[in-house]
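Look at the structure below and follow along.

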Amino acid sequence: MRTALIEAATQYVDAQGGGEGYYTTPVNGVSVMRSFRHIDSNHSVYRPSLCFVLRGAKEILYGNQTLHYGAMNCLVAGIEVPSCGRLVDASSAEPYLGLMIDIDAAMMREVLVQIDPPPSPSASSGVFVVDVTRPFAESALRLLQLINTPQAIPVLAPPILRELYYWLLTGPQGGQICGLALPDSHMDRIGRAIVYLRKNFAARVSVDELAAVAGMSSSSFRSYFKTITATTPIQFQKHLRLLEARRLMVTEATNVTQAALKVGYSSLSQFSRDYSRTFGAAPKRDVLQARAEFV
């Protein structure tokens with residue numbers, strides 16, 4: 001099954017001109033990644049998604065946690081979370097191959113209510129790794145194979161996704177997956193607060209304000225936020241600000257001072273300290289290096 005997945009992903013990338021990078025597919029929310037080299041750090045905000053490793057290995061650092069996952073493992077990102085991804089196993093002879101599938105929480109919820117008995121929800125992190133079982137892999141392969149018959153995608157992709165969610169929810173870690181789909185679960189409530197924080201990341205947002213959005217007491221909110229995101233609300237907001245500042249400087253040629261002010265910093269020295277701790281270099285040096293990688 002792994003060989004078939006690798007062949008399907010490779011054929012698609014080669015049909016797009018080959019090379020390396022992210023390749024969206026005609027199947028909505030499904031993309032393929034290929035890389036011939038290690039990548040030390042790729043800072044981004046993971047959206048709710050399933051990230052399969054077909055070949056190679058990755059690490060993700062988020063908050064104070066580090067997860068390592070390799071071939072036929074799947075990273076489940078149940079919430080939007082700032083993180084740093086690393087490709088730790090990739091070469092020209094054995095390129096890294098990954099398959100990403102966006103999570104449709106509403107569809108997953110529809111599947112969950114039809115399962116009898118349903119899985120027992122278990123409190124967990126919002127980001128975790130599961131093994132790719134054979135039924136899970138078969139569903140993923142059929143999604144990839146739909147690329148060859150684009151006229152069938154609108155009809156066949158939704159039931160294949162439902163099948164994939166079924167195997168996830170009834171699998172060994174169904175309790176953890178269940179938390180992504182349950183309405184008004186702790187994951188759902190923290191997710192609402194994260195959406196609010198992302199929309200208002202440059203403003204002064206208090207923990208009490210976020211707790212109100214989540215419909216929780218401040219103490220409960222702090223506790224569950226740390227469990228699910230492996231960080232605090234203040235650290236989470238800081239990471240969002242720094243990621244946006246980096247994007248502004250790299251892709252829009254915004255200078256350091258303007259970027260710092262746009263994302264909510266009032267102190268340029270504090271911005272530079274936070275930036276250097278997060279990205280490993282001072283803003284100007286990091287931006288020059290990042291721009292060079294785009295050339």
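Glu244 and Arg247 both sit in helix H9, 3 residues apart, about one turn of the helix. Helices (H or I, at least four residues) and strands (E, at least two) are DSSP runs, numbered from the N terminus. An α-helix has 3.6 residues a turn, so residues three or four places apart point the same way. The side chains of Glu244 and Arg247 meet in a salt bridge at 2.8 Å, N to O. A salt bridge here is a side-chain nitrogen of Lys or Arg within 4 Å of a carboxyl oxygen of Asp or Glu. Glu244 is partly exposed, at 22% relative accessibility. Arg247 is partly exposed too, at 35%. The cut-offs for these words are under 20% relative accessible area for buried, over 50% for exposed, and partly exposed in between (1.4 Å probe, protein chains only).

This is a predicted model: local features need pLDDT of at least 70, side-chain atom pairs count only at pLDDT 80 or more, and totals for chains, interfaces and linings use all residues. Residues are numbered from 1 along each chain as its sequence is written, and side-chain values use heavy atoms, with hydrogens and water left out.

Helix H11 holds another such pair. Asp274 and Arg277 lie there, 3 residues apart, about one turn of the helix. Their side chains form a salt bridge at 2.6 Å, N to O. Arg277 counts as exposed, at 59%. Elsewhere, salt bridges that share partners link Asp184, Asp188, Arg189 and Arg192 into one network. Within it, the side chains of Arg192 and Asp184 meet at 3.6 Å, N to O. Arg192 is partly exposed, with a relative accessible area of 33%. Asp184 is partly exposed as well, at 42%. The whole structure has 17 salt bridges.

Stay with helix H11 for one more residue. Leu268 is found in this helix. Leu268 is partly exposed, with a relative accessible area of 40%. What does Leu268 touch, leaving aside its neighbours within four places in sequence? Leu268 is in contact (heavy atoms within 4.5 Å) with Val256, Thr257 and Ala260. Val256 is 12 residues away in sequence, and 8.2 Å away in space, C-alpha to C-alpha.

Now turn to helix H5, residues 174–181. This helix is mostly covered: 8 of its 8 residues are buried. Among them are Gln176, Ile177, Cys178 and Leu180. What covers the buried residues of H5 includes strands S7 (73–77) and S10 (127–131), along with helices H2 (105–112), H4 (153–169) and H6 (186–199).

Next come the open spaces. Rolling a probe the size of a water molecule over the atoms shows where empty space is left. On a 1 Å grid over the protein atoms alone, where a 1.4 Å probe fits, a pocket is an open set of points with protein on both sides within 12 Å along at least five of seven lines; lining residues have an atom within 4 Å of a point. The largest pocket has a volume of about 1400 Å³. A volume is the space filled by probe spheres set on the points, which are joined across faces, edges and corners. This pocket is lined by 44 residues, and the closest to its centre are Tyr22, Ser41, Asn42, His43 and Ser44. Strand S3 gives the largest share of the lining, 8 residues. Other contributors of two or more residues include strand S8 (81–89), helix H9 (233–251) and helix H12 (283–294).

The second largest pocket has a volume of about 430 Å³. Of its 18 lining residues, Gly63, Thr231, Gln235, His239 and Thr278 lie nearest its centre. Helix H9 gives the largest share, 5 residues. Helix H11 (268–279) and strand S5 (57–62) are among the elements that give two or more.

Finally, step back to the whole chain. The protein chain has 12 helices and 10 strands. Buried residues make up 48% of its 295 residues. The C-alpha trace spans about 55 × 50 × 30 Å along its principal axes. Among contacts between residues at least 6 apart in sequence, 70% join residues at least 24 apart.
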